[in-house]
Amino acid sequence: MTDVIQDKPKAAAPKQRAQEPPRKAAAAEPAPVRAPLPPGQKYTWHDFRKVSGRPDTAEIAEAVRRLHAGGGVVVDEEQLALVPAGLRKIKLFSGVPTPEELERIRKEYDILVLDADVVAGNWFVENKARIGITVGASVDVVDPPSLERAVEMTRLVELLLVSFKDSTKIPLEIVLADAQNHGCQTVMAVRDSVEANVVFGVLEIGADGVLVEVEDLTAVHRLHEVLVVAQRTHGQQLQKLRIVETRHVGMGDRACLDFTSYLGLDEGVLLGCFSGGGILATSETHPLPYMPTRPFRVNAGALQMYVLAPDNRTWYLSDLRAGMEVLAVRTDGTARPVTVGRVKIERRPMLQIIAEAPDGTRITTIMQEDWHVRVFGTDSEPRNITELKPGDEVFGFTQEPGRHVGVKVEELIIEQ
């Protein structure tokens, strides 16, 4: 915590100002809050209170520091010395703290979590401005009244620590909706990394953090793996590509990608014959004559093509299996992982599409030659590929070529 530097004594004031009314005491001003919560990112809290005295406690604490940057640990006073620098120290306090206890908490901890009944009472209203560290409320949701109390807390504090008696995630959805509207972060107590994975995905936004009891080093590493997935954000720099040529290339095996997610009107996947880039293909969310929409499907194209996946890797369409992930990319460049539910491969006539980027890089895709197969124009509207002509502009991307089993490598690779 940064020390507060007092102003140096000033020279005596002129006599005419000697009768001015005294200023209010400095103690009445709010204390500065330190260790703000990490904005816009997922984090973990590890409860160390049951591992005190274990021979591997210090090792576990160091693993938490190394793997869970931005996270925190729930500790008691005798464990404070174990907390490595860089981790937030959280105090769960039952009841109303005395002035002496509050002063000690302010000096030794970064976040104070109080019982909801304390937060709802007069003591918190009178002392909130002087606490000086991030304050949260704790609620165990066991019935409708306690759920209402949890929702109430989202309006009073900047952090809610919540646990649920029942396994259904409906109450969490209710809490998250209110927390999002009132700028309150939500941390949910979970049993293990498996439940943490679910909690981070509820209502798509998920909880901001999870609290889990420390078991051993393996549990710390498993929770880290879940956190890495939850924190993944994706963006794809799209470019305007100019159509150079389209031509019939005979029959081939075409892959349709069916996802477990509903794709938006502005979402598709990036496909290319070579690792240097691709064109943004639309989903079948847009209405088509003679057949219902398939809002989960992209008619992707020839099975040897690359599709862009999370973490800057690619897959051949022929490699994809149910349960794997690729990137669904919007026309504004934002992207999200979507899970493959099925890959359907069938024999179809194929159309080669060649487009050119502003720097002269040429991009090639091979897709099913049919009017209902579409790519995105630069106005974010679908374009039927059989109607594309030289000079038309479509969305796509380019990147440094060279892939080995889908991973970028620095070596001489020639694609033609």
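Modeller: Buried means under 20% relative accessible area. By that cut-off tyrosine 43 is buried, since its relative accessible area is 1%. Keep in mind that this is a predicted model.

Biologist: Okay, and which ring does tyrosine 43 pair with?

Modeller: Tryptophan 45: the ring centres are 6.4 Å apart and the planes sit at 35°, so the pair counts as tilted. Tryptophan 45 is buried too, with a relative accessible area of 0%.

Biologist: Let's zoom out. What's the overall make-up in helices and strands?

Modeller: The protein chain has eight helices and 23 strands. Its 416 residues are 46% buried. Of the contacts with a separation of 6 or more, 62% are between residues 24 or more positions apart.

Biologist: And the surface, how much of it belongs to carbon and sulfur atoms?

Modeller: 51%, out of an accessible surface of about 21600 Å².

Biologist: Pick a strand for me. Why is E13 largely enclosed?

Modeller: Strand E13 covers residues 297–302, and six of its six residues are buried, so the rest of the structure largely encloses it.

Biologist: Which strand does E13 pair with?

Modeller: Strand E10 (residues 239–259), in the antiparallel sense and over five bridges. Within that pairing, alanine 255 stands opposite glycine 301 of E13.

Biologist: What about side chains, which salt bridge does arginine 297 make?

Modeller: Arginine 297 meets aspartate 258 in a salt bridge, 2.7 Å from N to O. That links E13 to E10 across 39 residues of sequence. Arginine 297 counts as buried at 9% relative accessibility, and aspartate 258 is buried as well, at 6%.

Biologist: What other salt bridge does aspartate 258 form?

Modeller: One with arginine 342, where the closest N and O atoms are 3.0 Å apart. Arginine 342 is in strand E17 (residues 334–356) and aspartate 258 in E10, so the contact ties together parts that are 84 residues apart in sequence. Arginine 342 itself is partly exposed, at 41% relative accessibility.

Biologist: How many salt bridges in total?

Modeller: The count comes to 25. Another of them joins glutamate 267 and arginine 330, at 4.0 Å from N to O. Glutamate 267 lies in strand E11 (residues 267–272) and arginine 330 in strand E16 (residues 325–330), so parts 63 residues apart in sequence are tied together. Glutamate 267 is buried at 1%, whereas arginine 330 is partly exposed at 28%. There is also a network of shared partners made of Arg254, Lys344, Glu346 and Arg348.

Biologist: Last topic, helix H1. Which of its residues are buried?

Modeller: H1 runs over residues 57–67, and its buried residues are Thr57, Ile60, Ala61, Ala63, Val64 and Leu67.

Biologist: Why are they on the same side of H1?

Modeller: Because they cover an arc of only 160° around the axis. An α-helix has 3.6 residues a turn, so residues three or four places apart point the same way.

How values were computed:
Residues numbered from 1 in each chain as written. Predicted model: local features only at pLDDT ≥ 70, side-chain atom pairs only at ≥ 80, totals over all residues. Heavy atoms only, no water. Helix = DSSP H or I, 4+ residues; strand = E, 2+ residues; numbered from the N terminus. Buried < 20%, exposed > 50% of the residue type's maximum accessible area, 1.4 Å probe, protein only. Contact = heavy atoms within 4.5 Å. Areas by Shrake-Rupley, 256 points an atom, 1.4 Å probe, with all protein chains shown as cover. Pairing = 2+ DSSP bridges. Arc of directions from axis to C-beta. Phe/Tyr/Trp six-rings, centres within 6.5 Å; stacked < 30°, edge-to-face > 60°.
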